[in-house]
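My notes follow in the order of looking.

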Amino acid sequence: MASRFLKYAVLLQKYRTPLIIASCGGVFAVNMFHHVFPEVSYRQLYQAWFKGEPVTLSEKLEDVFQQVLKDYGVSSPKNFSAFASFGFHPVGAGVPWLSGAQIGIPANFNSKSDDPSGITNRTIFINGKAVDWSSETGSALQEALVFSLEAQKFAIAREVARLQSGGPVINAAVAPFCLGGVWVYSVLMKQLFGLHAGPPLLRGGVNILALGLGAVSYFLTSDAVSQWIDYSSDRRAAGVSRDYAKGGVEFYDKILSRNKTLRTLMGQKGEEMYAPSGNLFPAHLLKMKHTPYTSRREGILTLLREQKA
């Protein structure tokens, strides 16, 4: 058993460079898969369905989408396409210059303050109970799901900005970068402590320590990069015009209001998922935190003050 372990260790040492390159490339490819093929992966995952048939995006929302692409100054609008998605705010995936980008726009974007039928004609179950739209909390949730045209444009432009600036590629590069860092940590520590010719047990311990450092680096770097992309996308979308910036403030106000209402409706589970402010709590201990909606809103308010000055 020990001889077999040493044999594998020798092989790994001999071919470590091509193995690291192949591993990093494989991790990057896996992370990029649904962005390289968004129509057959991401779109199928988020596509809205009704009675067994995919929902078609309304003509109104298609016009809004095309206007956003024009306002944002997208040079190749054919690289972007929209579809009807489930949920309450736009989602997107893809690499525009490679295989195109898909942006999902939810049904509640068809609703207006004087015509919330796109929301009230849907049954939403929370904790196994249908939301009563005529109740106080139901009315609050309904109001939080209706966005003005400016807020809708900002929400779509935010996704366009993220995809246009290569956000998915940057996010996908974090894991292979940190995986390569594991090898760097391992080599540096072995050189520092003179363990390249040391006992296999000590070298194995150093490798485990390097793996731990790589994991910590991944979680910290992933959070930092995700938040940087979020803030950057917000600023790009809000920078289109003052109306877009005002729409951004409204968009995050509505998200915070929605989350506060869901915190009440969902009871204990809602308190575990949403903060009293309306921000999201971390999904797990290894995830530092989501980009706070309050901070994203404040960032746009700062931009508005800068524009006014």
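What percentage of the 309 residues of the chain count as buried? I find 41%, where buried means under 20% relative accessible area, exposed over 50%, and partly exposed in between (1.4 Å probe, protein chains only).

**Entry 1: ground rules.** The model is predicted, so I noted that local features need pLDDT of at least 70 and side-chain atom pairs count only at pLDDT 80 or more, while totals for chains, interfaces and linings use all residues. Residues are numbered from 1 along each chain as its sequence is written, and side-chain values use heavy atoms, with hydrogens and water left out.

**Entry 2: the whole chain.** I looked up the secondary structure and got twelve helices and seven strands. Helices (H or I, at least four residues) and strands (E, at least two) are DSSP runs, numbered from the N terminus. The accessible surface of the chain is about 17100 Å², with 62% of it belonging to carbon and sulfur atoms; the areas come from the Shrake-Rupley method with a 1.4 Å probe, and for residues only the protein chains shown count as cover. I then took the contacts with a separation of 6 or more: 66% of them are between residues 24 or more positions apart. Contact means heavy atoms within 4.5 Å.

**Entry 3: the sheet.** I looked up an open sheet of three strands, and its order is S3-S5-S4 with mixed pairing. Strands S3 (80-85) and S4 (91-95) are at the edges with a single partner strand each, so one side of each has no neighbour in the sheet. From one strand to the next the twist averages 20°. Axes are lines fitted to C-alpha atoms, for helices over the stretch in contact, and angles run from 0 to 180 degrees between N-to-C directions.

I checked the pairings next; two strands pair if DSSP finds at least two bridges between them. S3 and S5 run parallel and are joined by six bridges. S4 and S5 (residues 100-106) run antiparallel, with five bridges, and a hairpin of four residues connects S4 to S5.

Entry 4: How many of the residues of S5 are buried? I count seven of seven. In a regular strand the side chains alternate between the two faces of the sheet. In S5 both faces are covered: Gly100, Gln102, Gly104 and Pro106 are buried on one side, and Ala101, Ile103 and Ile105 on the other. Helix H4 (residues 59-72) lies across S3 and S5, at about 145° to S3.

I also looked up Ser85, which is in strand S3. Ser85 counts as buried because its relative accessibility is 3%. Leaving aside neighbours within four places in sequence, Ser85 is in contact with Tyr46, Ala48, Val91, Gly104, Ile105, Pro106 and Ala107.

**Entry 5: salt bridges.** A search of the whole structure gave eight salt bridges, each being a side-chain nitrogen of Lys or Arg within 4 Å of a carboxyl oxygen of Asp or Glu. Arg297 pairs with Asp253, with the closest N and O atoms 2.5 Å apart. Arg297 is in helix H12 (residues 293-308) and Asp253 in helix H10 (residues 242-265), so this pair ties together parts 44 residues apart in sequence. Arg297 is partly exposed at 24% relative accessible area, and Asp253 is partly exposed at 32%.

Glu159 and Arg158 form a salt bridge at 3.8 Å, N to O. Are these two buried or exposed? I find Glu159 buried, and Arg158 too. Arg305 pairs with Glu298, with the closest N and O atoms 2.9 Å apart. Glu298 is partly exposed, with a relative accessible area of 36%. Salt bridges that share partners join Arg158, Glu159 and Arg162 into one network.

**Entry 6: a surface patch.** Which residues form the nonpolar patch on the surface? They are Phe33, Phe37 and Val40, with about 320 Å² of accessible area together. Patches are made of residues with over 30% relative accessible area and no salt bridge; like charges are joined within 9 Å, and nonpolar side chains (Val, Leu, Ile, Met, Phe, Trp, Tyr) within 5 Å. Phe33 lies in helix H2 (residues 16-36) and is partly exposed, at 47% relative accessible area.
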